[in-house]
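Colleague: I am new to this structure and would like to learn how to read its charged side chains. Could you show it to me and take me through them step by step?

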Amino acid sequence: MTERPPHTRVGFRATALLVTVALAVLVGGLLNLVTLPRVVYHPGPVYDTLGTVRDAEVVQLDEELQTHEDTEGHLFFTTIRLEGGPGDPLTAWEWLRSQFDPATTIVPRDMVFPEDVTAEDVREQNTALMQHSQQDAAVVALRAHGVDVPEDVVVAQVMVGAPADGVLHVEDQILAVAGEEVTSTRAVQDSIQGVTPGEDVELTLLREGEEVTLDVPTTRAEDTGRTIVGVYLAPRYELPYEITIDAGNVGGPSAGLMFSLAVYDKLTPGPLTDGRSIAGTGTISGTGQVGGIGGITQKMYAAHEAGVDLFLSPAANCDEVVAGQPDDLVVVPVQTFEDALDTLEQAEGVQDLSGLDLPTCQSVLDGA
């Protein structure tokens, strides 16, 4: 009897599986070839401001300052990772994959980057913003510790077509308004409010080493009704001590709040964290105001993945916090550096933070 040859035909199920795999590979390849004008925000790594980055201490204080190294716990600043930035076009596959991840946010590319900006432009801008943030953080912490930090007020930008256009120059230092000495940007702004819109205001300036007095026209701001001359002011600080903040290759201004807390923690006795892992984000101004940032959802998820006990968020981001807050993450909104200190003080010695009567972003949105 003749033996049957071995069965070599491919069954229907195996054929269907092979076809499905082949189609998936083909579709995946096509999706990787198509790019979209979108940017995807992902959670990035967290860094301890009380620790090191690339084997270097993040915060280093002047030897003349009395410091306290009993800093337990962690003060993390959070970061985001972007897909779709300059030089890194977003593929349709990356876009599709991000659709199913609650920790990501997808936005049109032109909402984040101007069309002609390059990756090098972004790096340079983020580096400059980080440097300003670090200086402001040092100023806030030193002032909170009782150290006097002198401040000059300079013209950072003159708006085209504004009353001050052609009268004031960038880098002009404002010494006095209407004969009254001023030592902060707030003082300049408040003094100008005493002038009727449309009238001139007398400004005494230091310009290229010479003191000059000019009459500067004013106008009424359409959106706020305030008296303005049409310039952006910036503080220029004279730090009495050298404070170095090294965040590695991380750029941008959003770590300012956490830097200021870290410097203050090293200046004061006892651990500010009470041994906990605290994370947060927010810009900081020299007056201690905490400003809103981008990517708050991703930063909350980054903190949650790091197992932090408490997350400090700018109150300005409360709408996004309420919409995207991860479960079991305690988030406290703050508007100032003092708010952040008060929150950490209230948390001291408390085991269950969820039982504390701390502010919430929902209460902020409700106007409480």
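This is a predicted model: local features need pLDDT of at least 70, side-chain atom pairs count only at pLDDT 80 or more; totals for chains, interfaces and linings use all residues.

Colleague: With which residue does Glu-120 form a salt bridge?

Modeller: The general idea is that side chains of opposite charge can pair when their charged atoms come close. Here Glu-120 forms a salt bridge with Arg-123, and the closest N and O atoms of the two are 2.9 Å apart. Both residues belong to helix α3 (residues 119-144), and because they are 3 residues apart, about one helical turn separates them.

Colleague: How many salt bridges does the structure hold, and which parts of the chain does the one between Lys-266 and Glu-57 link?

Modeller: There are 8 salt bridges in the structure. In one of them the side chains of Lys-266 and Glu-57 meet, at 3.1 Å from N to O. That pair links distant parts of the chain, since Lys-266 sits in helix α5 (residues 256-267) while Glu-57 sits in strand β4 (residues 56-57), 209 residues apart. As for accessibility, Lys-266 is buried with a relative accessible area of 3%, whereas Glu-57, at 38%, counts as partly exposed.

Colleague: Which residues are linked with Glu-83 in a network of salt bridges?

Modeller: A network of salt bridges links Arg-81, Glu-83 and Arg-97. Within it, the side chains of Glu-83 and Arg-97 meet in a salt bridge, with 3.4 Å from N to O. Glu-83 lies in strand β6 (residues 74-83) and Arg-97 in helix α2 (residues 92-98), so this pair ties together parts that are 14 residues apart in sequence. Glu-83 counts as buried, because its relative accessibility is 9%, while Arg-97, with a relative accessible area of 43%, is partly exposed.

Key:
Residues are numbered from 1 along each chain as its sequence is written. Side-chain values use heavy atoms; hydrogens and water are left out. A salt bridge is a side-chain nitrogen of Lys or Arg within 4 Å of a carboxyl oxygen of Asp or Glu. Helices (H or I, at least four residues) and strands (E, at least two) are DSSP runs, numbered from the N terminus. Buried means under 20% relative accessible area, exposed over 50%, partly exposed in between (1.4 Å probe, protein chains only).
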